[in-house]
Amino acid sequence: MSARFKTKRILVKRSYQFLAVLLIILSGGLLLLPEIQKHEGLSPEYYVKNMLSTERYISTDELADRIINEDPALLIIDTRTTEEFKKFSLPNAINIPVSEIFNPGNNLYLDQEVYDIVLYSNDHFFAEEVWMLGNRLGYQRLYVLQGGLNAWFNTIIKPTYPDQTMSNEEFERYNFRKAAGKYFGVATDTIEIITEVKIAPTPKKKVVPKPKKKKRMPEGGC
């Protein structure tokens, strides 16, 4: 047996020994790893059902009414950036940007059993995104302002005057929005709702007294 062959055989033997030691170390490492926790989450059917439901939306009228009446169970979260929040926000809203929504300290606001959490953004894109993540985590009392701040401005701040052919309900809604806009700092006027047609009374004829004829004195005398 040549010296070259002996050297090659020794190297192969050492390689196998190294691999054997490496496998033993990895096996020991697997025993030390924590058990893999199975994530239960929501069933796909339940998740899809929630996604298709519109119950998560709250209208601007309902939100305005709850703010005006100081609903103690209402908590409003602005999911826009801090800069946008400083320029304008809804009354009593708190700012949690969507990028920070699941910071450990912010979960306390989202996972609620006491408050109804109303999420909003400029439209409802970011608020919807937060709702979906919260829904995936099983949070129960999350709602989305339908249409976001764009809808808020078009309905509460600058409502459209109803067409004359519309129902009294539309006029009542318009008056509510005008009053709500005034509450939120926008001075507006309301319109009178016509519930019945009033017929003007027929004017009475004036009685013009006729002048009495003077009696003529008899002429002549005795």
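Author: Two strands are paired when DSSP finds at least two bridges between them. Strands (E, at least two residues) and helices (H or I, at least four residues) are DSSP runs, numbered from the N terminus. The model is predicted: local features need pLDDT of at least 70, side-chain atom pairs count only at pLDDT 80 or more, and totals for chains, interfaces and linings use all residues. Residues are numbered from 1 along each chain as its sequence is written, and side-chain values use heavy atoms, with hydrogens and water left out.

Reader: How many helices and strands are there in the chain?

Author: The chain has eight helices and five strands. Along the sequence they follow the pattern α-α-β-α-β-α-β-α-β-α-β-α-α.

Reader: In what order do the strands form the sheet?

Author: The five strands make an open sheet, ordered β1-β5-β4-β2-β3, with parallel pairing. Its edge strands, β1 (57-58) and β3 (94-95), each pair on one side only. β1 is joined to β5 (residues 142-145) by two bridges, and Y57 has V144 of β5 as its bridge partner.

Reader: How many residues of β2 are buried?

Author: Buried means under 20% relative accessible area, exposed means over 50%, and partly exposed lies in between (1.4 Å probe, protein chains only). Five of the five residues of β2 are buried. L74, I76 and D78 point one way from the strand, and L75 and I77 the other way. Across the chain of 222 residues, 27% count as buried.

Reader: Which strands does helix α3 touch?

Author: A contact means heavy atoms within 4.5 Å. Axes are lines fitted to C-alpha atoms, for helices over the stretch in contact, and angles between N-to-C directions run from 0 to 180 degrees. Helix α3 (residues 60-68) packs on the sheet and touches β1, β2 (74-78), β4 (116-120) and β5; its direction makes about 120° with that of β2. T60, D61, L63, A64, R66 and I67 are buried in α3. The buried residues of α3 pack against β1, β2, β4, β5, α7 (148-157) and α8.

Reader: At what angle do α3 and α8 pack?

Author: Two packed helices are described by the angle between their axes and by the distance between those axes. For α3 and α8 (residues 168-183) the angle is about 50° and the axes are 11 Å apart. That makes α3 oblique to α8; angles under 35 degrees count as roughly parallel, over 145 as roughly antiparallel, 65 to 115 as roughly perpendicular and the rest as oblique. The crossing is left-handed, a word used if the near helix is turned anticlockwise from the far one by less than a right angle.

Reader: Which residues of α3 and α8 meet?

Author: D61, A64, D65, I67 and I68 of α3 meet R173, F176, R177, A180 and Y183 of α8. By class, this contact has six nonpolar, no polar and four charged residues. Ala, Val, Leu, Ile, Met, Phe, Trp, Tyr, Cys and Pro count as nonpolar, Asp, Glu, Lys and Arg as charged, and the others, Gly among them, as polar.

Reader: Where does E70 lie?

Author: E70 is in the loop between α3 and β2. Its phi is near 50°, a positive value in a residue other than glycine. E70 counts as exposed because its relative accessibility is 63%.
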